[in-house]
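Please read it beside the sequence and the structure.

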Amino acid sequence: MGKKRARLSRAEMSPLLVPRVWAWRMASLAVALALLVAMWWAGADKARAWNAVWGWPWVRALSDGLARLFHGLTAIITGNHVSLGGQLACLALALLLVYLVWRATRSALAYRPGPVNVQKLVGSTPKTTSPPLLELTELLSEYLSESNLYQPATMPADVPPSAFLDILGEVDLEKPGSSIPRALSRLHPKLTYKVSGVLQVRNEGAERYGMTVTLTAYVFSGARATTVWGRNWDEVVHRAADWVMATLLPITRPGKQPPWRDWWARELPPELFTAYQRAKRLIHQERFDEALNFYYEAMEHDPQNVYLRAEVAGVQEQLGLYLDALDTCQGALTLDEQSSEKHSKRLWLRRSLRPTNFRYLGHPRRFGQFFSIRYRNAVILGSPEKTAEQWFTPGCTRRAEERREIRERLRPIIVDRYWPAAVDLALNDFPGVEYCRFPTIRYAYDQLSEFEKLRLDKHRLEDYVKEWFRRQLTVTGIGGCAPSSNLKQRKVAVVFQRACAQEFHRLTRDDVHARLAHFTWLLWLARLLCKVWPGYSREVHSPYVSTHAVLVTNRDVWAPLRLAWASSALEWPRHRNKPAILHRPAWWRGRAYTRKSRAITWKTPPKKLEERVARTLRRLSPSPFAWPTREWQDHYTAACVYAVAMEGHKGPPDVEPYNQLAVRAVEQLSKSLLCAESGYTTVGRSWMLAEDPDLAALRDHPLFKHFENTAYPTANLPTGTRTHTDHDARMAAYDRRLLRSTAEVMESVWLERGHKVPANIRMLAEWAQAEAEIWELLKDIAEGHARIWLHRARLIQAVQDCDPTTPERVGYPPHMNQSTNDGIKNFDETLDLLATELQPENKSIVQRSQTWSETLNDAEAAGETSMGKRSARNLCAHYAAAWLRLRVWMDSGKYQNVFHDAIRRIPEPKRHTAHDPNSIRITVSRN
């Protein structure tokens, strides 16, 4: 079932009123027209007062009209030829117009929104714990401004009037020169919302610091208040800012932008906004593990948000989880208010005038909402060397079970949706067929063979192909080792690539209809107005994130080229004159991937390929979809085409075409950087330099290395020494850096604890419990060979929870994409040894930390409140030594025995029972 807007009617409405901007504006316009009609009627006797004015006829007509209006206004004020009732009616219309303009102005300012008045925070805490009020106020304003949604104003300002009579009370008929301008200035309020807060501290609990924040709306005299808590003042202020923004989003203009459009006029959960904002910040910092964790947290509050799913799929691609990204995309395609069956039928429709072909002509906004997820789905299907490989490769033990569940969930969906792309492949495997040429049927049905009968029966053929495709997608054994599994993988790769071409064909046609409905070809007028208008204005962009040229290039060049690559890897037996692959589509199904496949082969010369790309872009240049465009996408897509074509010219015989394609690809990449904005240059750097599978063959060429050194200079490595490795090698290097950085942070944490160790039993018990959880997560990471992103995300979160200030100070966690030459060879073996060291044995550090936590909890329950400082410092020193030995091991790959001795030297807790048997005193035992 698709997601309908009516479903949100069950959600709670926003407590603050939604500004009705257009309603007040239309009412103001109607009253203004009525007042002009009254003035026109009153000035009928004084018409044509300016007949002597020379000029064109339209100038004379305009002057006569203005003269009649002004004479009518004079007649209404003086009472000439106008009755008292007419004067009172015009006065009522004038007052009503002023009132409506006042309401329209307030609503527009609240909807924009206008400046938010952040008042100085008030402290209700004791003098001993008095917080820095001015610094926290500035920090709250900074958090509000970082969202790019609101304009915080910390300067004091006059409170706007809450009633219309307050404005009329400013008018003094004896002094109209000063009172009337003052009243008119109050028609446009300077502030719309006010944020105030009261700080407080409680004595118990981990989150001891709090703030009661109040949001006041000046427009409609509404207010909301809540209390947030945190472990420190920074966390409290951050949560307060998120609550303010989550409250204002559903009633302001930014709330109608993705991904908040479905929450308009509803109660937006602050947890959803907080998780999404943190995920976006982590993406820019290249911390994809944590970002994906927060995205899933946001999806718990909004599971049917298509924008969130598209961003989740993008992050999964960054992490190399192509099978997971395909699962995310396939599950989101049916949220477009159509069932899976309808979506599949529409995907394979022929060229006809059926209404389903023009689905997005009447719903262009819906197409823009689902464009990202459909584009990501097509791109993932178009990378079968990654997707099909992960389908048939189990990975580690824990990852294999997860991939098996994904395959079981995806198999029926993919079979029902993309089986038409496997018709000829399935018929080639029909038993007993010697020559699969699809001859013309000239005999009676009873005289036909079983193969010819199967082709003539539409339903039998569909059932047969689906069953064949289901067998190909079934992974038996360990996968990826047997020759049959390799042949299945190549067949599935061809089907996936054909499905990609079909998806791009349908996506391109829908893009044409949506752009026609959105009138994007008229946006040049808005851009021209922005240039000639004397005031300030924003740049006008198309409502779509991709250009039409990119879609056409992918459909006509990129997808057929990749299909030729996948088809070349599928080697069929040539006996009995059996063809390799039949590209002719079935007569009862329209398959768009055959339209351009014969024009491009895997050995297409560079000159012909360049002409094809240039012809595609040149054909779109005079079209109404050529502007507005982000030209860097066009050049980057062309570079991907040339880089993919380099795969077919590897080897000594094709050195010259290989170099020509590299020159063209690097040239297009340089043009894309010249046309791109700074945000693309920085954010898209890691994807282009290390992760995009289309550029895999280009990265090994010297021209690309020179381009990288020129476009992205760095001081970490000298010029020409950078090496590009595959995704698994880069992830292994990142895992090593993560474990090394974790050990460094925890060593620093325990050293600081040892210097200022408290004698509080509860605090020591919390430290021991957190330590046991961190070592347990390290064991899970080592057993899974660091291939599971969730284990890494949980480890990072656990380390950050120990001391939030220490990870920020040392730059934890490290960036995922870094150029490093150092590393441990055979890192999987190191992880196996680490997992062995952390097994739950008697002297395991995991069990030792859990024992400390349980013993300290028992001591607190028995009435013990403190522990000897000497024993506590000794315990902290041993834990710091264990983390030091782990860091040295991760740095050099040696000294495993030293780490083994360090974790075994962690002291055990020793209980000393005093005279009272219920009292327990904890000390450190000597090993």
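What percentage of the 927 residues in the protein chain do buried residues make up? Buried residues make up 50% of them, where buried means under 20% relative accessible area, exposed means over 50%, and partly exposed lies in between (1.4 Å probe, protein chains only). The model is a predicted one, in which local features need pLDDT of at least 70 and side-chain atom pairs count only at pLDDT 80 or more, while totals for chains, interfaces and linings use all residues. Residues are numbered from 1 along each chain as its sequence is written, and side-chain values use heavy atoms, with hydrogens and water left out.

## The chain as a whole

The secondary structure of the protein chain comes to 35 helices and eight strands; helices (H or I, at least four residues) and strands (E, at least two) are DSSP runs, numbered from the N terminus. Of the contacts between residues at least 6 apart in sequence, 73% join residues at least 24 apart, a contact being heavy atoms within 4.5 Å. The accessible surface of the protein chain is about 45,400 Å², and 55% of this belongs to carbon and sulfur atoms; these areas come from the Shrake-Rupley method with a 1.4 Å probe, and for residues only the protein chains shown count as cover.

A nonpolar core is a set of buried Ala, Val, Leu, Ile, Met, Phe, Trp, Tyr and Cys residues joined through side-chain atoms within 4.5 Å. The largest nonpolar core has 106 residues, of which Met 211, Trp 775, Leu 795, Ile 845, Trp 883 and Leu 886 touch the most other members. Helix H29 (residues 761–783) gives the most to this core, with eleven residues. Apart from this core lies another, of 95 residues, among them Val 379, Ala 501, Phe 504 and Ile 600.

Which residues does Trp 883 contact, leaving aside its neighbours within four places in sequence? They are Thr 742, Ala 743, Met 746, Glu 747, Trp 750, Glu 771, Ile 774, Trp 775 and Leu 778. Trp 883 is one of the buried residues of H34, which also include Leu 875, Tyr 879, Leu 886, Arg 887 and Trp 889. Helix H34 (residues 869–892) has 24 residues and reaches 35 Å from its first C-alpha to its last, close to the 34 Å expected at 1.5 Å a residue, the expected span being 1.5 Å times one less than the number of residues. Gly 893 follows H34 and has a positive phi, near 80°.

## Salt bridges

The structure holds 33 salt bridges, each defined as a side-chain nitrogen of Lys or Arg within 4 Å of a carboxyl oxygen of Asp or Glu. The table gives some of them.

| Salt bridge | N to O distance |
|---|---|
| Lys 345 – Glu 341 | 3.4 Å |
| Glu 462 – Lys 466 | 3.1 Å |
| Lys 671 – Glu 667 | 3.7 Å |

Lys 345 and Glu 341 both lie in helix H12 (residues 340–347), four residues apart, about one turn of the helix. Lys 345 is partly exposed at 49% relative accessible area, whereas Glu 341 counts as exposed at 54%. Glu 462 and Lys 466 are four residues apart in helix H18 (residues 458–472), and so are separated by about one helical turn; both Glu 462 and Lys 466 are buried.

In helix H24 (residues 655–675), Lys 671 and Glu 667 are likewise four residues apart, which means about one helical turn between them. Lys 671 has a relative accessible area of 33% and is partly exposed, and Glu 667, at 40%, is partly exposed. Elsewhere, salt bridges that share partners join Glu 207, Arg 231, Glu 235, Arg 239 and Asp 801 into one network.

H24 has 21 residues and reaches 31 Å from its first C-alpha to its last, close to the 30 Å expected at 1.5 Å a residue. Its buried residues include Tyr 658, Leu 661, Arg 664, Gln 668, Leu 669 and Leu 673.

## A surface patch and a loop

Trp 58, Leu 62, Leu 66, Phe 70, Leu 73 and Ile 77 form a nonpolar patch on the surface, with about 650 Å² of accessible area together. Patches are made of residues with over 30% relative accessible area and no salt bridge, like charges being joined within 9 Å and nonpolar side chains (Val, Leu, Ile, Met, Phe, Trp, Tyr) within 5 Å. Leu 62 lies in helix H2 (residues 57–78) and counts as partly exposed because its relative accessibility is 48%.

Glu 286 lies in the loop between helix H8 (270–284) and helix H9 (288–301), and its 12% relative accessibility is why Glu 286 counts as buried. The C-alpha atoms of Glu 286 and Gln 318 are separated by 9.3 Å, with the two residues 32 apart along the chain.
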